[in-house]
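Hello,

Here is the structure I promised to pass on. Please open it first, then read my notes below.

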Amino acid sequence: TLRVVDLEGNQAVDFLLSQQCADGHFRSFFTDTCGATAPGPDATAFAVVLMHDYATDGSDLAAAVDKATAWLVDWQGRRGGLADDKGVVNANSTGLAGWAFGLEGRNRAAKQAAVWLRARQVPGRGCDGKLARQRGAIAYSNRAYAQGRRNGIGALVAGEWQTAAVQALPALAHAPSTHVALAVDAPERVLPGSRPRVRIDGLAPGERACVGIGRRLVPVVGKAEGETVVVRITVAKRKGERTVRLLTANDSAIDRIVVG
């Protein structure tokens with residue numbers, strides 16, 4: 001059986017608690033003073049994760065963890081991501097905070113963080129450019145994803161991608177699934193060179209995929225659970241039957257369209 005250790009009065013814990021500021025966040029560096037530097041979520045999320053198992057009901061430790069978690073929830077952006085102390089919304093901060101949210105039972109915040117992270121996870125399909133063989137990788141930011149598509153994951157940035165994946169893993173456990181079957185639907189007949197509307201169902205919230213008519217594939221991202229994604233795709237001017245393809249990391253769906 002797991003024995004919960006009482007850490008009340010422990011010197012290391014007491015020192016850690018002394019680093020908590022009045023609003024609930026923990027200082028990023030021991031040399032900081034509250035209010036003198038911009039706060040960031042990473043140290044606070046780490047503190048919550050490390051103290052969670054020892055925060056017994058009614059203890060000072062539990063009160064500190066609750067206050068820190070509330071600060072993280074307030075720090076979370078509207079779309080689920082969390083910014084660092086420089087204002088950059090990123091997978092490291094979001095992953096750590098999402099982990100803390102899950103441990104503390106903040107299910108809505110944990111779900112939002114997980115959806116944000118999944119929207120930066122590579123499906124490893126043709127529309128991912130040089131990331132096409134990096135299925136499952138998680139980009140640090142939107143900019144890192146775009147750079148990865150152009151340049152791949154070279155030695156200079158591999159550590160960033162690896163760190164993002166490690167810190168995102170516990171948070172991704174809270175990503176919502178979908179109960180709608182994967183499907184893609186296009187008009188039966190379109191004019192050459194036109195841009196028909198293609199409807200996509202079954203993508204989980206934040207799930208990335210590739211969709212295309214013929215050889216050309218474009219990226220799409222799942223919206224709220226059960227919400228249809230609609231994208232316009234330009235068809236080639238050559239007449240004939242084409243295959244409409246939808247490719248996720250682990251599944252696919254097809255439809256047919258006649259150009260002419």
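Helices α2 and α4 are roughly parallel to each other (angles under 35 degrees count as such). This is a predicted model, in which local features need pLDDT of at least 70 and side-chain atom pairs pLDDT 80 or more, while totals for chains, interfaces and linings use all residues. Residues are numbered from 1 along each chain as its sequence is written, and side-chain values use heavy atoms, without hydrogens and water.

**The helix pair**

Helix α2 spans residues 41-51 and α4 residues 91-103. They pack at about 30°, with axes 9 Å apart. In α2, the residues in contact (heavy atoms within 4.5 Å) include Phe46 and Val49. On the α4 side, Leu96 and Trp99 are among them.

**The aromatic pairs**

The whole structure has two aromatic pairs (ring centres within 6.5 Å, using the six-membered ring of Trp). Phenylalanine 15 and phenylalanine 30 have ring centres 4.9 Å apart and planes at 80°, so they are edge-to-face (over 60 degrees). Phenylalanine 15 is in helix α1 and phenylalanine 30 in the loop between α1 and α2, so the pair ties together parts 15 residues apart in sequence.

Tryptophan 71 and tryptophan 75 are stacked (planes under 30 degrees apart): centres 4.8 Å apart, planes at 25°. Both lie in helix α3, four residues apart, about one turn of the helix. Tryptophan 71 is buried (under 20% relative accessible area) at 8%.

Best wishes

Key:
Axes are lines fitted to C-alpha atoms, for helices over the stretch in contact, and angles run from 0 to 180 degrees between N-to-C directions. Helices (H or I, at least four residues) and strands (E, at least two) are DSSP runs, numbered from the N terminus. Angles under 35 degrees count as roughly parallel, over 145 as roughly antiparallel, 65 to 115 as roughly perpendicular and the rest as oblique. Buried means under 20% relative accessible area, exposed over 50%, partly exposed in between (1.4 Å probe, protein chains only).
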